[in-house]
Amino acid sequence: MEPTSLETDSPSIPEHPTEPPGRKRTGQSKSKHTFLLVKLISGWLLFLVGIVVAAHSLWPGRFVTPAAKVETAVKAAEDAEDMALLDEAGPHCITSLSGFLAATSPEEQNQFVRTPVDTAPRMARFYNMNPIGTIDAKTLSSQGAAVVRLPGLNAVELNLSSPDGRLLDAVFIKENEEWLLDWEHYARYSDYPWPLFLAGNGEAEGEFRLLVRERLTEERKSEATLSLVLYAPRFGYANDTGFQSPEFLVRRETRNGKLLDAAFKLERAGKRVFGVKLRGTNPEGLIRVRAKIRRFEVDGERRFEIKDIIACHWYSVDDPGVVIEDPPKDP
């Protein structure tokens, strides 16, 4: 018999003497067949991968995963829903703002603001200490509008400019079938004027709407605390931050520190809380917060602390607006 590729001309000792010669040849033939099959499958897979890679390079964007298709469809549906809501609510929002600006008394203004029973006393107290000049609604120009998807409800935000250079952002929420002004957001309401609070006047603790800047971001990124300065916004003039606070130190691992860090990261990414699709009016590098601030004295020296970051925005909802993943430590 002519020798095959599995046999030699010289006799050899079989590895398993009790195994019939034919069994060895059959097993080796199956191994060879399996090896060839694996090679064919591997080659076919490589061929398919090559086709996909080539397709992606020739027709970028044509091939998307099912998850990406769903995400695109959801975004398109949300955009269409937003446009429908803006078309429906827009004229009513303008009517409420025009009526509010034209009103000559708090009683008249109350008709155009949400939660008027709670808002009326705050409005009277605020305007007594924070006079705001009159604005003619007819002179305002629209700079953009967007839907704000707040927890449990939708709001509409308008950016408006006036001939004298003021920039306003007004938010409206549907209440009793009417689109009414969120006055506290509009006026940047705080319990007390920020400069007077820092000077030692008023109650020792209050809630404030403030702008926050992080100091020495890169130099202090390994430090255990955030170094912050807080400013009171000037109504209508976004770039005028006014009086600066002393330094505030907030530990990074606390809830307040994590909320602030998340808000600064969002700002650096050019995004806004709640995914609002409207350009922000803050100066670059600053974020908005609603916070409870406490003033106290140590050995006759006035000091301050952030007791609670209520929200990283000025909307009249207590949801912080940013997500923190790791559970924070107690302050």
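A residue is called buried when its relative accessible area is under 20%, exposed when it is over 50%, and partly exposed in between, with a 1.4 Å probe and protein chains only. This is a predicted model, in which local features need pLDDT of at least 70 and side-chain atom pairs count only at pLDDT 80 or more, while totals for chains, interfaces and linings use all residues. Residues are numbered from 1 along each chain as its sequence is written, and side-chain values use heavy atoms, with hydrogens and water left out.

**The whole chain**

Of the 331 residues in the chain, 36% are buried. The chain exposes about 20200 Å², of which carbon and sulfur atoms supply 55%, the areas coming from the Shrake-Rupley method with a 1.4 Å probe. Contact here means heavy atoms within 4.5 Å, and among the contacts with a separation of 6 or more, residues 24 or more positions apart account for 59%.

**Helix H7 and the cores**

Select residues 255-268 next, which make up helix H7. Its 14 residues should span 20 Å at 1.5 Å a residue, and the end C-alpha atoms are 20 Å apart, which agrees; the expected span is 1.5 Å times one less than the number of residues. Within H7, colour Asn256, Gly257, Leu259, Leu260, Ala262, Ala263 and Phe264, which are buried. The cover over these buried residues includes strand E5 (205-214), strand E6 (225-231), strand E7 (248-251), strand E8 (286-298) and strand E9 (301-311). Just after H7, glycine 270 takes a positive phi of about 75°.

Now show the side chains of Trp194, Leu228, Leu230, Leu260, Ile293 and Ile306, which have the most contacts inside the largest nonpolar core, a set of 37 residues. H7 gives the most to this core, with 5 residues. A nonpolar core is a set of buried Ala, Val, Leu, Ile, Met, Phe, Trp, Tyr and Cys residues joined through side-chain atoms within 4.5 Å. A second, separate core of 26 residues includes Ala89, Leu168, Trp183 and Tyr189. Centre the view on leucine 230, whose contacts, leaving aside neighbours within four places in sequence, include Trp194, Phe243, Phe248, Ile293 and Ile306.

**Around glutamate 175**

Move to strand E3 (residues 167-175), where glutamate 175 has its place. Glutamate 175 counts as buried, at 17% relative accessibility. Not counting residues up to four places away in sequence, glutamate 175 touches Arg114, Thr115, Pro116 and Leu180. A polar atom of its side chain lies 2.9 Å from the backbone nitrogen of threonine 115.

Threonine 115 itself is found in the loop between helix H3 (106-109) and helix H4 (116-129), and its phi is near 40°, a positive value in a residue other than glycine. Threonine 115 counts as partly exposed, at 30% relative accessibility.

From there, select glutamate 177, in the loop between E3 and strand E4 (178-181). Glutamate 177 also has a positive phi, near 65°, and is exposed, with a relative accessible area of 67%. Lysine 174 forms a salt bridge with glutamate 177, the closest N and O atoms being 3.8 Å apart, where a salt bridge is a side-chain nitrogen of Lys or Arg within 4 Å of a carboxyl oxygen of Asp or Glu. Lysine 174 counts as partly exposed, at 39% relative accessibility.

**Further salt bridges**

By this rule the count comes to 23 salt bridges. Select aspartate 79 and lysine 277, which form one of them, with the closest N and O atoms 2.7 Å apart. Aspartate 79 lies in helix H2 (residues 66-102) and lysine 277 in the loop between H7 and E8, so the pair ties together parts that are 198 residues apart in sequence. Aspartate 79 counts as partly exposed at 26% relative accessibility, and lysine 277 is partly exposed with a relative accessible area of 49%.

Then pick glutamate 253 and arginine 251, a salt bridge whose closest N and O atoms are 2.6 Å apart. Finish with Glu81, Asp82 and Arg149, which salt bridges that share partners join into one network.

Notes: Helix = DSSP H or I, 4+ residues; strand = E, 2+ residues; numbered from the N terminus. Polar contact = N/O pair within 3.5 Å; in protein donor to acceptor, adjacent residues only side chain to side chain.
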